[in-house]
Amino acid sequence: MTESDPEYASGRDRVDRAARAEQADRASRSPRGSRPTVRLKPGDVLGLGLLGPRTRKLRAVLSSLGISIGIATVIMVVGIPASSQRALTEQLSALGTNLLTAQATVDQQTQTLPPVPASAPAMVARIPPVQRVSALGNTQAEVRRSQAIPAQESSGVIALAAQGYELPAVIGADLAAGRYLTPSDEAFPTVVLGSVAATWLGITTLPPGQPAPQIWIGSQAFTVVGVLAASPLAPEVQQAVVVGWDAARRYLAFDGHPTQIYARVQESQIDAVQSVLAATVYPQNPGQIVVSQPSAALAAKRLTETALSGLFLGLAGVALLVGAVGVANTMIVSVLERRREIGLRRALGATRRQIRGQFLTESVLLCLLGGLAGAAVGTLGTAGYAMSRDWPAVIPVASVLGGVGAALVVGVLAGVHPAVRASRLPPTEALATV
């Protein structure tokens, strides 16, 4: 009930109602049992709580906006990393988590790579749990798109010699175009491009029926026979061109010492193989060989990417706090504007408890509506972002329910003070307010 209602038009009526309100206030303070108390049903309390949001729609929307932003942020902060983690798990499951890499490191005194024996890949293959082995060696040769480009202006692509013909299968890389090297290619200067190197060199496709493109490695022209797809477990291959082992020795003066060895092993024995791999590759000084598991490195990288989730959760908490302050402010203003309504309800027999229930219900409903809207926005936002990155959308149910629960708690906390203030408002003073 508002001031625009006809029953508030007459000054005499206001005086009469004030007098009746005084009697009602005295009666409400009289001993229990002197006057019957009207109990409101839950539906009646809900209807009274919806009175404010229903009559002041824009204010209700703006009050709930802060709550919506906070809840949506919470769900997205939890859901997006969960979707990313699921995508990583599926990716690692497809690539395999049983790949070990042994890489030679530069000697700090001589500033050179250790001369790993050419027989090291064969020695690694003799370890019983090892299933497949492939090796790479750095040829130190510059790669250029054409002979017209000066040597000092190379593309930044490196040339790697590959021992054997199982490199794509070992590192989990597919072919994006063409084919991989074969034994017959050893007699000719042929090369396969990594995915990033292909982009840098401007050769990403090999149209059938057209002459194969050529690149220059050192002073020798090489024919491109294939392009590798992205290989997350071996990023160094993506930025390089791969030449056959014997062809590298023949055309690029390669010394034949491997610098990196990949081994696929039984997953149950991966720790055992990891402990002996360095000594097997370079027995003279195993300390110059670093053994790593690329899948574990990828998982650690993803963990560091999601480390900022705590910061965003903090920002979501701030948004919830701002939303709670906004709802509390709205409820206080609502109490001030509806003093006559409060006074009239008290005069008609409403108890303080019922007044508190009305305004507390209104506060909770405002926050609940904001929480539900935020949950919907957060769910749609998470699903949309996951789809844009080709990830499986993961919406943690606990975060959605927790967000809505948090909105209810905020509604209670934000509405307690205004509700108590409204219940303590004397009916005489409320009805006499101009």
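Is Gly343 buried or exposed? Select Gly343 to begin: its relative accessible area is 0%, under the 20% cut-off, so Gly343 is buried. The model on screen is a predicted one.

**Stop 1: helix α13**

Gly343 lies in helix α13. Now select the whole helix, residues 339-347. α13 is mostly covered, with 9 of its 9 residues buried. The buried residues are Arg339, Arg340, Glu341, Ile342, Gly343, Leu344, Arg345, Arg346 and Ala347.

Next, pick Leu344, which is also placed in α13. Leu344 has a relative accessible area of 8% and is therefore buried.

Show Ala422 together with Gly343: their C-alpha atoms are 9.5 Å apart, while 79 residues separate them along the chain. Then show Pro427 together with Leu344: here the C-alpha atoms are separated by 7.0 Å, and the two residues are 83 apart along the chain.

Before leaving, select Gly349, which follows α13. Gly349 has a positive phi, near 115°.

**Stop 2**

Most residues other than glycine have a negative phi. The next two selections have a positive one.

Select Asp390, in the loop between α14 (352-388) and α15 (397-423). Phi of Asp390 is near 60°, a positive value in a residue other than glycine. Asp390 counts as exposed because its relative accessibility is 71%.

Then go to Gln140, in strand β2 (residues 130-144). Gln140 is not a glycine, yet its phi is positive, about 65°. With a relative accessible area of 59%, Gln140 is exposed.

**Stop 2: the salt bridge**

How many salt bridges does the structure hold? There is 1 salt bridge in the structure. Select Arg179 and Asp185 to see the pair: the closest N and O atoms are 2.7 Å apart. Side chains of opposite charge can pair when their charged atoms come close.

Colour the two residues by accessibility. Arg179 counts as partly exposed, at 36% relative accessibility, whereas Asp185 is buried, with a relative accessible area of 6%.

**Stop 3: strand β5**

Move on to Thr190, in strand β5 (residues 190-193). Thr190 counts as buried because its relative accessibility is 8%.

**Stop 4**

Start with Leu58, which lies in helix α4 (residues 57-95). Leu58 has 62% relative accessibility, above the 50% limit, so it counts as exposed.

Val322 belongs to helix α12 (residues 309-337). Val322 is exposed, its relative accessible area being 53%.

**Stop 5: a cavity**

The structure holds 2 cavities of 30 Å³ or more. This stop visits the second largest cavity, which has a volume of about 30 Å³.

Which residues line the second largest cavity? Select Ala102, Gln103, Ala104, Val116, Pro258, Thr259, Gln260, Ile261, Val281 and Ile289 to show the lining.

Now colour the lining by strand. β1 (99-104) and β9 (260-265) each supply at least two of the lining residues. The largest share comes from β1, with 3 residues.

Finally, colour the lining by residue class. The lining of this cavity has 7 nonpolar and 3 polar residues, and no charged residues.

**Looking back**

Helix α13 has 9 of its 9 residues buried. The salt bridge joins Arg179 and Asp185.

Definitions and conventions. Residues are numbered from 1 along each chain as its sequence is written. This is a predicted model: local features need pLDDT of at least 70, side-chain atom pairs count only at pLDDT 80 or more; totals for chains, interfaces and linings use all residues. Side-chain values use heavy atoms; hydrogens and water are left out. On a 1 Å grid over the protein atoms alone, a cavity is a set of points where a 1.4 Å probe fits but cannot get out, and a pocket is an open set with protein on both sides within 12 Å along at least five of seven lines; lining residues have an atom within 4 Å of a point. Grid points are joined across faces, edges and corners, and a volume is the space filled by probe spheres set on the points. Helices (H or I, at least four residues) and strands (E, at least two) are DSSP runs, numbered from the N terminus. Ala, Val, Leu, Ile, Met, Phe, Trp, Tyr, Cys and Pro count as nonpolar, Asp, Glu, Lys and Arg as charged, and the others, Gly among them, as polar. Buried means under 20% relative accessible area, exposed over 50%, partly exposed in between (1.4 Å probe, protein chains only). A salt bridge is a side-chain nitrogen of Lys or Arg within 4 Å of a carboxyl oxygen of Asp or Glu.
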